[in-house]
Amino acid sequence: MSSVLQPAAADQHPPAVATYRPVSSHLAIAPPVSVVIPAMNEAENLPYVFKTLPDWIHEVVLVDGNSTDDTVRVARELWPGVKVVEQRGKGKGDALITGFRACTGDIIVMVDADGSADGNEIVSYVSALVSGADFAKGSRFANGGGTDDMTFIRKLGNWALCTAVNRKFGARYTDLCYGYNAFWRHCLDKIDLDCTGFEVETLMNIRVVKAGLRVQEIPSHEYLRIHGTSNLRAVRDGLRVLRVILQERSNRRALRRRSLQSPMVDAMRGEVS
């Protein structure tokens, strides 16, 4: 049977034409991109953050963690169409989850509000996603990346925790505790985030691997925070990251035991014997 293209009936509407956004001189995309920025008292840093954001972004979602300065006002002045979402809980993880729920784009990018991330790098993340990756993971230690912010102790801790995740979950990460990432919206259904603090990036990285999603690391340069002080506490938050690793490892073992003890597996064993 030959294939024939039939003309559209008079009462049928033609398919919608996708709107393509030029993101570089050699790439245009149709998927809308949402950028999530968790912020608490970052009014002085936001001008540096917004200055580097590409103008082809579909939306910016600012999650305000009950700021007492002019964070919200400054954000609206810098990006008139910004979507401001009030954070009900506490912690970076809670803020990001709140922001993800408010996004309408097909691609979601996480960016810190302290001025340490360069928004011009977003094109690299988006390029990786439209080329086939599910999760584009920023790395300060991949070839081409770097950091001006990490002390030797923090680098050592990050390396140790990253090594533990790679060995226990079969990952190949060069960086673990970094908050500059991008992913397709559908990934949220597979990683089911449920934490509140700075350990959220580690939890995402582990569950992405456990879900079998395609990951591509993106070399990224982390700059110094411009104004203010970070709420990150190396020892406290390092222990929270370690706790997440151990919990996810325990959950993985429990799932494996349940699968081995399932009636279907028992039936298959019976057929073999």
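Predicted model: local features only at pLDDT ≥ 70, side-chain atom pairs only at ≥ 80, totals over all residues.
Which residues point one way from β7, and which the other way? Phe135, Lys137 and Ser139 point one way. Ala136 and Gly138 point the other way. All of these residues are buried.

**Strand β7 and its partners**

β7 spans residues 135–139. The strand is mostly covered, with 5 of its 5 residues buried. Strand β9, residues 181–184, runs antiparallel to β7. Strand β10, residues 215–219, runs parallel to β7. Alanine 136 has glutamine 216 as its bridge partner in β10.

β9 also pairs with strand β6, residues 107–110. That pairing is antiparallel. Here isoleucine 108 has phenylalanine 183 of β9 as its bridge partner.

| Strand pair | Bridges | Direction |
|---|---|---|
| β7 and β9 | 3 bridges | antiparallel |
| β7 and β10 | 5 bridges | parallel |
| β6 and β9 | 4 bridges | antiparallel |

Strands of a sheet pair through backbone hydrogen bonds, in either a parallel or an antiparallel way.

**The whole sheet**

How many strands form the open sheet, and in what order? There are 7 strands, in the order β5-β4-β3-β6-β9-β7-β10. The pairing is mixed. The edge strands are β5 (83–86) and β10, and each pairs on one side only. On average, neighbouring strands of this sheet are turned by 20 degrees against each other, with direction ignored.

**Helices on the sheet**

Two helices come next. Helix α3, residues 92–102, packs on the sheet. α3 touches β3 (33–39), β4 (59–64), β5, β6 and β9. The direction of α3 makes about 145 degrees with that of β4.

Helix α7, residues 200–210, packs on the sheet as well. α7 touches β6, β7, β9 and β10. The direction of α7 makes about 135 degrees with that of β7.

**A nonpolar surface patch**

Now to the surface. Phe152, Ile153, Leu156 and Trp159 form a nonpolar patch there. Together these residues have about 510 Å² of accessible area. Isoleucine 153 lies in helix α5, residues 152–169.

Why does isoleucine 153 count as exposed? Its relative accessibility is 59%. Exposed means over 50%, so isoleucine 153 falls in that class at 59%. The five residues of β7, by contrast, are buried.

Conventions. Residues numbered from 1 in each chain as written. Heavy atoms only, no water. Buried < 20%, exposed > 50% of the residue type's maximum accessible area, 1.4 Å probe, protein only. Pairing = 2+ DSSP bridges. Patch = residues over 30% accessible without salt bridge, like charges linked within 9 Å, V, L, I, M, F, W, Y side chains within 5 Å. Areas by Shrake-Rupley, 256 points an atom, 1.4 Å probe, with all protein chains shown as cover. Salt bridge = Lys/Arg side-chain N within 4 Å of Asp/Glu carboxyl O. Axes fitted to C-alpha atoms, helices over the stretch in contact; angles between N-to-C directions. Contact = heavy atoms within 4.5 Å.
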